[in-house]
Amino acid sequence: MTRKVLEVVAAMIFSDDGKVLATQRGYGEMKDGWEFPGGKMEAGETPEVALEREMWEELEARVEVGQRVCTVEHDYEHFHLTMHCFRCRMVGGAPKLKEHEAARWLTKDDMDSVDWLPADKVAVKALMDAPCYFEQKLP
């Protein structure tokens, strides 16, 4: 049997004071796990366009997409995930939880205070391996 492959995008949304947004899933098999918000890319979309669309659909927030932090390849039980993670900042609206149970703004010192989903743990490690992400301002 061929394993299903999902290609998704994830937004590492940073606040002006160097905190990053984590969201808690409110549905599905991985309900209650913490993740960077995002979702599936649609046919013909670039990762950047997909992130802008997903952030509006999930959080009713406009984001400016910055540099790619990492691409995570992870095998879950029923599918393979390719997750493109980008550093972003909010440029319009405030996060309104439409698909998530909770959200928290985390500093680099409290990134391990939530129970990250497996693929997101890899993305968190990429952030922690380059702590400058918490200090840089997006243009």
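**Group meeting: rings, pocket and core in a predicted model**

Let's start with R87: its charged end sits over the ring of F14, 4.5 Å from the ring's centre. "Over a ring" here requires NZ of Lys or CZ of Arg within 6 Å of the ring centre and within 35 degrees of the ring normal. There's also R62, which lies over the face of W56 at 4.0 Å from the ring centre.

Before going on, a quick word on what you're looking at. This is a predicted model, where local features need pLDDT of at least 70 and side-chain atom pairs count only at pLDDT 80 or more, while totals for chains, interfaces and linings use all residues. Residues are numbered from 1 along each chain as its sequence is written, and side-chain values use heavy atoms, with hydrogens and water left out.

Staying with rings for a second, the structure holds 2 aromatic pairs. A pair means rings of Phe, Tyr or Trp (the six-membered ring for Trp) with centres within 6.5 Å; planes under 30 degrees apart are called stacked, over 60 edge-to-face, and the rest tilted.

How much space lies in the largest pocket? About 460 Å³. Of the 24 residues lining the largest pocket, L6, V8, R25, M30 and L81 are the closest to its centre. Grid points are joined across faces, edges and corners, and the volume is the space filled by probe spheres set on the points.

Which elements build that lining? Strand 1 (4–14), strand 4 (38–40), helix 1 (47–59), strand 6 (79–92) and helix 2 (118–129) each supply at least two residues. Strand 1 gives the most to the lining, with 5 residues. Those elements are DSSP runs numbered from the N terminus: helices are H or I with at least four residues, strands are E with at least two.

Now the largest nonpolar core. Of its 29 residues, M12, F36, M83, M111, W116 and L127 touch the most other members. Strand 1, strand 2, strand 5, strand 6 and helix 2 each supply at least two residues of this core, and its largest share, 5 residues, comes from strand 1. A core is a set of buried Ala, Val, Leu, Ile, Met, Phe, Trp, Tyr and Cys residues joined through side-chain atoms within 4.5 Å. Buried means under 20% relative accessible area, exposed is over 50%, and partly exposed is in between (1.4 Å probe, protein chains only).

Next, a bit of backbone. Most residues other than glycine have a negative phi. D32 is not a glycine, yet its phi is positive, about 80°. D32 sits in the loop between strand 2 (20–25) and strand 3 (34–35), and it counts as partly exposed because its relative accessibility is 37%. E60 isn't a glycine either, and has a positive phi of about 50°. You'll find E60 in the loop between helix 1 and strand 5 (62–75), partly exposed at 28% relative accessible area.

W34 is in strand 3. Is W34 buried or exposed? W34 counts as buried, because its relative accessibility is 9%. V124, in helix 2, is buried at 9% relative accessibility, and the C-alpha atoms of V124 and G18 are 15 Å from each other, at 106 residues apart along the chain.

Terms used:
1 Å grid on protein atoms, 1.4 Å probe; cavity = no way out; pocket = protein on both sides within 12 Å on 5 of 7 lines; lining within 4 Å.
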